[in-house]
Amino acid sequence: MKHARNVIILIVVGSAVLLFGVNVMDLAPIVASAEAQQVDWLFGLHMNVIAFLYVLVNGIMLYSVFAFRRKPDDDSEGAYFHGNTKLEIAWTIIPLITVLFFAFLGSVVLRNVSLAAPNSMDVTVTGRQWSWTFEYPEYGIVSTELNLPVGRQVNFKLQSEDVIHSFWVPEWRLKHDTVPGQDKYIRLTPSEEGVFKVRCAEMCGTSHAYMLATINVMSQEDFDIWVQKKLGVYEGPEGGEEGEVDPVAEGFALSQSGGCLACHSVDGSPLVGPTWKGLYGKTETLTDGSTVVVDEAYLYESIVDPSASIIQGYADVMPKNFGDIFSDQEIGYIIEYIKSLQ
Ligand code: CUA
């Protein structure tokens, strides 16, 4: 009985310390979606149960190692006993019920985060080596940045053009693979305004780590303005802002959000594609042996029709749809940015 009391005290104290530690530690980034709250609740519950089980198993084990160790003057073989049916039933039934209970909670949360809201917005996400694009069928918009109104559920349709990627926004908690040849779906409701990043959570090749896209979660009013600007029908108060644009800065932002910089370095090192540093004005040899001087026309062609003239030593791997993603004006900004990299 003395041992049972000691073990119980050890487990209660050990659990209290560990549970306190687990609950004051900030393990995850901020909560920025409605779904994240439920995910965090279930995760927290798991962590608490795991912390308790850790102390339970290790507490009994460590206590036994010390309390029941062989005494120096004891040469006996120890007491012989053969199992304990009650204990074995208990340590089979209790974990079984615990695991089934968590399976039940997991299915409830999964159901809750998959429920369709009546006003949800469709967005098609396309992943490719190594960039993301976002299509808004409701508005007829394609964007390299994921702009969303706060508080409205989004039904993401996930697609891939090449290999398996994984659509992941840590602040939203949920993630889902994009699988070539299949449509996958995930629902998320941004609950916090701000700037976040889509990350790729599936090892997908050389520039996997740079497969990022910017998310802007904004008010419904700002979202409506963005849609109108994208469609070219914005007639708002600050109409004269076109003159303010710095083409090089704009080109850099577009190259980043478009994923260009995942394959084209700006420091002279060759990646999947030719570096942009000093590219403009250079004479390059193409795969057919002919030479070309890199001018605006060549850069424009290489962006909208990358297979047309490939520089020697590089493979024909660049996505063919940048002409649909970027407007001619945006391509102009990107060319200005490339020209600035001398
Ligand atoms: Cu796409 Cu990793």
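A residue is called buried when its relative accessible area is under 20%, exposed when it is over 50%, and partly exposed in between. By this rule K339, at 23% relative accessibility, counts as partly exposed. The model discussed here is predicted.

**Domains**

- The domain assignment of the chain gives domain 1 as residues 2-68 + 84-114, domain 2 as 121-239 and domain 3 as 247-340.
- The centres of domain 1 and domain 3, taken over C-alpha atoms, are separated by 54 Å.

**Helix α8**

- Helix α8 covers residues 328-340. Its 13 residues should span 18 Å at 1.5 Å a residue, and this agrees with the 18 Å between its end C-alpha atoms.
- The buried residues of α8 are E330, I331, Y333, I334, I335, Y337 and I338.
- These buried residues pack against four other helices: α4 (220-231), α5 (247-257), α6 (296-304) and α7 (322-325).
- K339 and E336 both belong to α8 and sit 3 residues apart, about one turn of the helix.
- An α-helix has 3.6 residues a turn, so residues three or four places apart point the same way.
- The side chains of K339 and E336 form a salt bridge, with 3.4 Å from N to O.
- E336 is partly exposed because its relative accessible area of 29% falls between the limits of 20% and 50%.
- A network of salt bridges links E296, E336 and K339.

**Other salt bridges**

- R128 is paired with E161 in a salt bridge whose closest N and O atoms are 2.9 Å apart.
- R128 lies in strand β1 (residues 121-128), whereas E161 lies in the loop between β5 (154-160) and β6 (165-168), so the pair ties together parts that are 33 residues apart in sequence.
- K320 forms a salt bridge with D316, and the closest N and O atoms are 2.8 Å apart.
- Both partners count as partly exposed, K320 at 43% relative accessibility and D316 at 41%.

**Nonpolar surface patch**

- M61, L62, V65 and F66 make a nonpolar surface patch of about 420 Å².
- L62, one of these residues, lies in helix α2 (residues 34-67).
- L62 is partly exposed, with a relative accessible area of 46%. This value meets the patch requirement of over 30% relative accessible area.

- H208 is found in the loop between β9 (194-200) and β10 (213-218).
- Although it lies in a loop, H208 counts as buried, because its relative accessibility of 18% is under the 20% limit.
- Apart from neighbours within four places in sequence, H208 is in contact with W130, C200, A201, E202 and M203.

Terms used: Residues numbered from 1 in each chain as written. Predicted model: local features only at pLDDT ≥ 70, side-chain atom pairs only at ≥ 80, totals over all residues. Heavy atoms only, no water. Patch = residues over 30% accessible without salt bridge, like charges linked within 9 Å, V, L, I, M, F, W, Y side chains within 5 Å. Areas by Shrake-Rupley, 256 points an atom, 1.4 Å probe, with all protein chains shown as cover. Salt bridge = Lys/Arg side-chain N within 4 Å of Asp/Glu carboxyl O. Helix = DSSP H or I, 4+ residues; strand = E, 2+ residues; numbered from the N terminus. Buried < 20%, exposed > 50% of the residue type's maximum accessible area, 1.4 Å probe, protein only. Contact = heavy atoms within 4.5 Å. Domains from an automatic or database assignment. Expected span 1.5 Å × (residues − 1).
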